[in-house]
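I opened this notebook to keep track of what I looked up. The entries follow the order of my looking.

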Amino acid sequence: MIHFVLLISRQGKVRLTKWYSPYSQKERTKVIRELSGVILTRGPKLCNFVDWRGFKVVYKRYASLYFCMCIDQDDNELEVLEIIHHFVEILDRYFGSVCELDLIFNFHKAYYILDELLLAGELQESSKKTIARLIAAQDSLVETAKEQASSISNIIAQATK
Amino acid sequence: MSGPSLMDSLFQPSLEDLIKGLRQQLIGEQAFISKSLEEIRKEIKSTDLSTKSTALLKLSYLSNLHFQDMSFAAFPALEVLSSPRFSHKKIAYHAISLSFHDSTPVLLLITNHLRKDLNSTNEFEVSLSLQCLSRIANVDLARDLTPEVFALLSSNKFYVRKRAVAVVLRVFEKYPDSVRVCFKRLVENLENSDPQVLSAVVGVFSELACKDPRSYLPLAPEFYKILVDSKNNWISIKVLKIFSKLAPLEPRLAKRVVEPICDLMRNTGAKSLLFECIRTVVTSLSENESAVRLAVGKVREFLEDEDPNLKYLGLQALRIVAEKHLWAVSENKEVVIKSLSDADPNIKIESLRLVMAMVSEHNVSEISRVLVNYAIKSDPVFCNEILGSILSTCSRNLYEIIVDFDWYVSLLGEMSRIAHCQMGDEIENQLIDIGLRVKDVRPELVRVARDLLIDPALLGNSFLHGVLSGAAWASGEYVEFSRNPLELMEALLQPRTSLLPPPIRAIYIQAAFKVLVFCLHTCFMRGKSIAPSASLDNLPAGVSASASYESFDDFSVENGADVAVVHGQTCASAPITKESIVNILNMVELALGPLLGSHDVEVQERARNLLGFVDLTKPEILNSSIHEKRDSEGKRVESSKIIKLMHDAFSKELGPVSLSAQGKVSLPDGLVLKENLGDLEMICGDIEPPSSNSFSFGSPYEEEKDGLSFSNLQIRDDNEQSNESTSLLAAHRKRHGLYYLSSGKSEMISNDYPPASDHTLQGDINDNADDLVKLTAESLIPKRKPKHGKPRPVVVKLDEVDEKPVAMKQPESRDDSLSGAVRDVLFGSEDIPPTSSQSNLSNSSKRKGKEKQHTDPHTESKVSAVGDGNSSSRRRKDRSQGKERRHRSPRKKNDEERKDADQKEKKKSSGGRHKSRQRAEEPLKVPAQTPVIPDFLL
């Protein structure tokens with residue numbers, strides 16, 4: 001299974017973390033520090049796998065972002081590379097040629113997409129189309145709720161003036 | 001987050017404002033974060049849920065990416081969770097799954113929220129709730145929500161069902177009893193037509209099978225069908241993972257799945273699936289020669305690929321193959337060896353492991369030579385990786401592959417001189433270990449130790465201190481093989497030893513002590529051998545003894561070399577004269593005097609011992625040379641008695657100590673070992689207990705040298721040994737001069753410090769790779785004639801297993817609660833015995849007598865489904881038909897017969913799936929047969 005997902009920028013800034021195994025806040029910081037030290041220093045033409053504390057970390061760089069996933073020893077590295085690619089393609093489709101800024105300002109949306117893709121450290125949905133549909137449906141749910149809210153708030157705001 | 005919202009109108013900074021502020025960094029990141037946290041703490045207390053949820057969202061952002069503590073928001077998060085609005089719920093669930101853990105106090109309060117949402121009609125709310133449960137589930141939550149999850153397992157919305165399936169894994173882990181409720185439904189989902197649901201179920205089973213594969217053997221037919229039918233690579237990969245766990249348990253299953261896996265391997269275009277096939281074959285189906293051949297062929301394609309990922313994985317697969325099929329490595333050795341100089345450290349390490357797998361006793365010296373040359377050129381990390389793997393490979397099974405120990409010891413010496421070497425401690429252990437175990441190697445060991453000790457440059461490298469302490473110990477313990485003890489003495493007392501840490505310094509002093517005693521002893525005994533009448537017990541004869549001693553001294557000064565030849569080869573190169581002895585004594589006093597005030601007790605004590613000894617002996621030695629025999633003879637004899645005593649004490653041989661030696665000591669009366677030490681723990685609770693490796697024998701030099709009886713050692717006598725071995729050594733040196741460090745006299749007393757790494761024999765490094773290719777090419781061909789001129793020396797082994805104390809208990813069949821529950825569901829509750837192989841191995845009390853039944857119709861009938869995996873519609877019939885077939889000819893059915901049976905069965909297809917499970921009750925009607933093993937091969 002996947003133990004955690006990390007998105008780290010080339011400068012070492014964390015853009016997204018998702019933990020499927022229990023890690024305390026302290027451990028999380030340590031893991032990220034350790035891994036970004038290992039991964040960011042690796043050259044471009046090396047393999048995408050790193051042995052780390054008895055686990056394997058599969059990473060891949062897209063533009064300025066490193067997508068990392070930590071898996072068990074007997075998991076399939078190539079499969080995880082495909083999952084990463086899958087995730088990136090979905091993000092790309094959702095944001096329309098995604099860039100780092102999209103993820104920075106919509107960090108929660110990136111999470112929601114990831115949650116559709118992975119659950120409990122396993123791949124949940126392998127169809128890009130389905131995920132796009134699911135996300136759109138939830139977005140519209142959120143939007144309608146928001147519109148209601150803002151209309152009510154307008155009323156209140158006007159009333160209190 | 002676009003568009004105006006309530007937050008903006010109420011001037012609450014939104015998440016976007018927070019992110020923008022962070023990026024502008026007007027007041028610095030930390031300051032801004034703490035300012036925002038202040039705001040959030042206020043906002044989160046608001047009664048307005050929208051304000052609260054925005055605060056929560058911002059807080060999750062800070063917690064997630066800036067690692068701020070958000071435990072204070074646990075309760076507010078629950079409040080937001082109760083909001084009817086989906087957007088609020090989403091934020092709350094995100095925050096909760098991010099921050100809650102088992103000890104979060106409000107965890108108890110969440111159960112009802114989750115239950116409500118699990119029962120919601122909105123599939124997205126259900127999904128959120130499931131997601132959260134998968135992350136924060138503890139025993140209570142898992143237990144309380146099992147019914148809801150169970151219901152969702154058969155939800156008609158596949159979106160919900162697949163999520164429920166994935167969450168079930170966590171629920172099982174936390175609350176194994178839920179298996180009894182949910183397992184059946186989970187299994188039923190294996191037949192689901194929706195690929196996503198199927199993928200989720202197979203994923204769950206692949207995780208479960210990792211922990212306890214045996215329990216899932218009865219499901220093999222279902223998995224087999226999926227393997228054959230699946231067109232989805234994600235699913236295939238997972239199923240392969242399951243089979244790689246199941247196949248080793250049941251050889252017939254292994255035979256059955258080989259074909260489909262090979263087909264997949266031949267036909268698939270997806271590298272990930274191909275790799276999974278390869279891995280399954282090499283790990284679990286390695287008995288099947290043709291499958292392995294096919295897999296190795298595919299591995300070769302990986303190795304030759306440009307993509308470093310494939311190359312790395314190829315090497316990894318090769319390493320797994322190498323355990324059983326070494327030919328696979330040798331077929332690909334060019335690639336492997338080329339990879340040693342790859343740019344990627346991971347690939348280099350993999351290929352190094354493979355090269356080490358190729359090592360055999362015939363090529364070990366050549367391969368090590370080339371690897372050491374690689375190590376010299378490599379970066380420090382890889383260099384130590386190489387050295388470490390040489391050391392561990394060579395020492396495996398008590399130096400199994402080493403024939404020529406002289407060579408190996410000098411290799412150890414050479415390795416420790418490599419600039420980046422950090423393996424000092426391991427080299428130290430091996431030097432001492434070999435010294436103890438292999439008698440024949442001791443002269444060479446002393447020579448190597450001497451070369452290390454006299455090099456002042458090495459003292460400055462703290463990584464080598466371990467090696468030096470080993471060398472010092474060896475040179476002290478086996479000083480009788482030294483060609484020049486005086487020189488050793490100088491080396492041990494050289495001023496730069498002050499750079500050593502105290503424990504090692506203590507070893508140096510102790511070694512110096514031994515060397516000194518040996519020098520004195522040789523000197524005195526030599527005197528006696530010329531005048532045999534002078535024995536220690538024969539005091540009256542002392543006159544003539546000392547007379548002849550005097551004359552001998554004069555003689556030896558003039559004709560040292562000749563005399564030495566007469567009196568034994570040990571002091572062939574440097575006769576010990578009285579002057580040199582006196583010099584040494586002075587040197588000892590000079591060097592150790594200051595250490596009497598050392599802060600380290602060990603150093604101080606040893607220095608005191610040695611100086612005390614010098615004090616005892618020095619006056620007489622001085623006197624005996626200056627004055628005439630009359631006044632000194634009595635005393636002199638006394639001191640020589642001391643020397644003799646000391647020498648005897650030191651010449652008692654030390655041997656390796658078994659790790660279990662302690663167990664052999666019988667318990668003395670009155671010693672209560674099992675008394676409760678609870679009080680002690682209370683008193684010194686804070687004190688860390690020392691690591692319990694005190695019985696490993698890494699440091700035997702710390703033991704007293706006399707008085708210990710090693711009852712379980714096989715100590716061979718060697719009296720004639722030394723002569724023989726030195727001549728052998730000389731012969732060997734002549735033949736394999738390449739492997740020896742040059743030992744010219746000139747470098748012995750070199751005062752300028754040479755660099756720590758002087759590789760005099762670096763030689764041609766350029767075509768290393770080619771060398772290695774050639775060498776390993778021979779590695780697998782049995783040598784016609786062994787290269788080594790002398791037989792392998794005896795390596796002392798203890799009469800019992802020496803390596804490691806075998807773990808007290810093998811982990812018994814993993815009967816943890818989860819797999820126990822799974823078995824119960826699979827076997828117990830349906831009153832069905834497990835497959836016979838299980839009944840042999842498992843000792844679960846739960847299944848008591850059940851497995852004694854002779855027939856096993858359920859498993860058997862399921863198994864028969866394996867035989868016919870082509871169409872899903874026929875599956876059910878197969879089950880029932882399997883039972884029928886069993887009556888007729890239990891074992892030897894070929895496909896034709898089976899098809900016939902299929903035809904017959906088709907006519908009377910019956911019942912729902914659930915019935916097929918209940919049919920388990922029927923076995924009793926089946927006439928008793930000879931014990932039937934469920935046959936996966938039908």
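Which side chains meet in a salt bridge at 3.1 Å, N to O? I found A:D74 and B:K245 there. The model is predicted, so I keep in mind that side-chain atom pairs count only at pLDDT 80 or more.

Entry on the interface. I looked up the count of salt bridges between chain B and chain A, and it is eight. I then took the side of chain B that touches chain A and noted that helix α6 of chain B, residues 86-99, gives the most to it, with seven residues. By class, I listed 27 nonpolar, 18 polar and 18 charged residues on that side of chain B. For contacts, I noted 63 residues of chain B against 63 residues of chain A. The area buried between the two chains is about 5,800 Å², and carbon and sulfur atoms give 54% of that area. I also noted 28 residue pairs in polar contact across the interface of chain B and chain A.

Entry on strand β1 of chain A. I checked residues 2-9 and found eight of the eight buried, which I recorded as mostly covered. I next looked for the strands paired with β1(A). Strand β5 of chain A, residues 65-71, runs antiparallel to β1(A), and seven bridges join them. Strand β2 of chain A, residues 14-19, is also antiparallel to β1(A), with five bridges. I followed A:L7 to both sides: its bridge partner in β5(A) is A:F67, and in β2(A) A:L16 stands opposite A:L7.

Entry on the turn. I noted that β1(A) and β2(A) form a hairpin with four residues between them. In that turn, A:G12 has a positive phi of about 90°.

Technical notes: Residues numbered from 1 in each chain as written. Chains lettered and ligands numbered in written order. Predicted model: local features only at pLDDT ≥ 70, side-chain atom pairs only at ≥ 80, totals over all residues. Heavy atoms only, no water. Buried < 20%, exposed > 50% of the residue type's maximum accessible area, 1.4 Å probe, protein only. Helix = DSSP H or I, 4+ residues; strand = E, 2+ residues; numbered from the N terminus. Pairing = 2+ DSSP bridges. Contact = heavy atoms within 4.5 Å. Buried area = accessible area lost by both parts, 1.4 Å probe. Salt bridge = Lys/Arg side-chain N within 4 Å of Asp/Glu carboxyl O. Polar contact = N/O pair within 3.5 Å; in protein donor to acceptor, adjacent residues only side chain to side chain. Nonpolar A, V, L, I, M, F, W, Y, C, P; charged D, E, K, R; others polar.
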